[in-house]
Amino acid sequence: MKYLKVILTLTFFTIIFILLNILLKPKYMTDLVEGSMTNAFYKEDMVHDVIFIGDCEVYANFSPLEMYETSGITSYVRGNSQQLIWQSYYLLKETLKYETPEVVVFNVNSMRYSKPVSEAYNRLMIDNMKWSKEKIDLINASKTEEENFLSYVLPIMRYHSRITELTKEDFEYLFRTKKTTYNGFLINKNIKPYTSFPKERRLPTYEFQDIDYEYLDKIRTLLEEKGIRLVLIKAPSLYPYWYDEYETQIKEYASTYNIDYYNLKSIADSIGIDYETDTYDGGLHLNYYGAKKLSKYFGELLKKNYNLTDYRSDAKISEIYNKKLIEYKKALESD
Amino acid sequence: MLNILLLLLSIIVITTFGLNSLIFISLSAISTYFTGKYLEKHKNKPLLIFIIILNLLPLIFFRFTYLVNKFNILVPIGLSYYTLSVISYIVDVYKNETKSEKNILNYLLYVFYLPYIFIGPISRYKDVSKTMFTKKKFDITNTYKGLLRISWGFFKKYLIASRISLVISSITSNNLVGAYALLACILYSIELYSDFSGGIDMVIGVSNIFGIKLKENFNVPYISETIKEFWGRWHIALSSFLKDYVYIPLGGNRVSKIRNKINIIITFLVSGFWHGTTYILWGLFHGILVCTGNLFKTKNKYINIFITFILTSLLWSFFIWNTSFIEPLKMILSIFTHFNYITLFKNLTEINLTLFNIVVLILSILILTIYDLKQEKINNKISNLSPVLKTSLLCITVILVFTLGVYGIGFNHSEFIYSKF
């Protein structure tokens, strides 16, 4: 009886401690919604033929629901802000536990990074990921020198100082979430035309690092093993950090392994992207209007080149997608 | 069996701080173990002095930063603590105050014992051997006592010391003087006490769980009425080591008055040097204040406590601005020459003293003060609590530390101020 009481006391305080962890962790529902992208995937009720993986250049530039509407293909974007290549790999591994798509489209922008960059971006991506071996590996691969693994297990260790910054959002979304993205696409209808960018910075080396090739190889072999087609892309960002040397190396890699590679910046004009109206940050990312054009073009390309199914005539799937489209359009109108 | 596991764990953890730590500690342990056995039977004073000097050499060498930088050697972990532990052992054996340890594994555990190697307290073989080498068995009372003591240490470290460190680092990094320097000195008194005694609480708590009894290192130091009394209540392990192995061998108080004062000054200079070369002046000032005895003492107990607190606080400036001898003196001088006290109160948030931080700090210090003053009574009450209430108290402290503590990115939260000495 004495021990039972102690166990009950411990249980009571453990619950309090867990609740505090949940309360103090940012909810990413109204502010900084980029932190809600990883876990939005778990609410998906169907499989997809195409999975996009990559950084902000995928979640801002490709709208799966626009693709469905124009070409009938089903897709999902598993992208996060500054998602590094090892993060893409582990997120892809996790995704493949839930579904086996026909095609995986990987945006190669993250080949530029060879080490963990920012704790803040790590948090946005990892905080709400479900616990799995992939998450453990992802944390270990991603954490910066100042971070420790335990703070991902116990978010209170990272966010305890939020105790004085709690808002209504923290209580409102304590046990629930709301829709912030549409099949992984983050709507942004702001317009900020391209004016100019800083001059290209010269770098000490333009060689992709071994770690980038290592993870690109891992992505490739993982997909090969599962019979999934890998497609490499470079999203149409105007910012001058994708150097010619990078382009040459990625083309060589694609050619060596017989992988299709599309640099969408080089064909942005023919797609009809106008950097006066189709970007929300002066050419770094596309806004909704640009994403609509790009999605239409790329959806048709994927459907044609990879023989993907048009589900618009499939009663069951079209019913799900039509509901998604209604929600999506409602969000577009209210945005 | 548990002792062997403790020893192995200690060796493994110490090795992670560099192989040189393992080598230095092992050399110290082995040299004193065998010499101790020999000296027990053959009273050879030159050998005793030789082995003491041999063990002191690394401590002296590593106190000179420029030498360390020149030879680019990592300072062995726990150097200041294990050196004094082995010296106390060898001297005590020589003086027949304790018997030499027969079991080398026991002796290695005494030297390597992980909990106290980082922050102390400096242990004496004759004290710890009574409980350290006995057969260990699980004891729920000791476990509760240990866990509560550990959580109390965390409370002091993360709610008080780390919170104050934010303020002090803001003052020092912005080169603020005058009222800010005074505030830094006063707050540092509390930070150092909370940090150091918090760390010692953790060490004593862990040892409690293993049934190992360590001596207390603090006895409410800031209620001292004189500096001499302060040294009987602050860092007791070091003070008593210096008393037994430096002050008394120099003649202690059984000499002329002048010689006695010189002995006191020498002892405090050694204390300063033990902390590092930039602390020698701090030691000298403390020595002078002890020598001057009752110069600042009034008839009012509370005024005496206040004066002693202010004096020790001002001298902590040697710990805050510890890059040179001159800087602390400049800062103390600025307190009397820069009258920016109103500016300080107007800009509290700029030095991280937000309303929230002030409230948490005041409440935490209040809890600490009440506990310190009523320690015995409170400890008795806690030990008589039911397991459910003890568990609740433990859980509440842990939750408070996790929620209101200052730690995380930007803080080296595993480092204690006294672990660098």
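## Domains of chain B

Chain B is split into two domains: domain 1 spans 2–132, while domain 2 is made of 141–225 + 297–420. Taken over C-alpha atoms, the centres of domain 1 and domain 2 of chain B are 30 Å apart.

## Contact between the domains

Between the two domains of chain B, 12 residues of domain 1 are in contact with 15 residues of domain 2. On the domain 1 side, helix H7 (114–117) and helix H8 (125–132) of chain B each contribute at least two residues. H8(B) gives the largest share of that side, with 4 residues. By class, the side of domain 1 of chain B that touches domain 2 holds 8 nonpolar, 3 polar and 1 charged residues.

## Contact with chain A

Chain B places 12 residues in contact with 17 residues of chain A. Helix H21 (residues 387–404) of chain B supplies 8 residues, the largest share of the chain B side. The side of chain B that touches chain A comprises 7 nonpolar and 5 polar residues, with no charged residues.

## Confidence

The mean pLDDT of chain B is 91, and 99% of the residues score at least 70. Within chain B, H21(B) has the highest confidence, at 96, whereas helix H4 (residues 65–71) has the lowest, at a mean of 72. Where pLDDT is low, predicted coordinates should not be read in detail.

For the complex, the predictor gives an ipTM of 0.86 and a pTM of 0.88.

Definitions and conventions
Residues are numbered from 1 along each chain as its sequence is written. Chains are lettered from A and ligands numbered from 1 in the order in which they are written. This is a predicted model: local features need pLDDT of at least 70, side-chain atom pairs count only at pLDDT 80 or more; totals for chains, interfaces and linings use all residues. Domain bounds come from an automatic or database domain assignment. Two residues are in contact if their C-beta atoms, placed from the backbone, lie within 7 Å. Ala, Val, Leu, Ile, Met, Phe, Trp, Tyr, Cys and Pro count as nonpolar, Asp, Glu, Lys and Arg as charged, and the others, Gly among them, as polar. pLDDT is the predictor's confidence in each residue, from 0 to 100.
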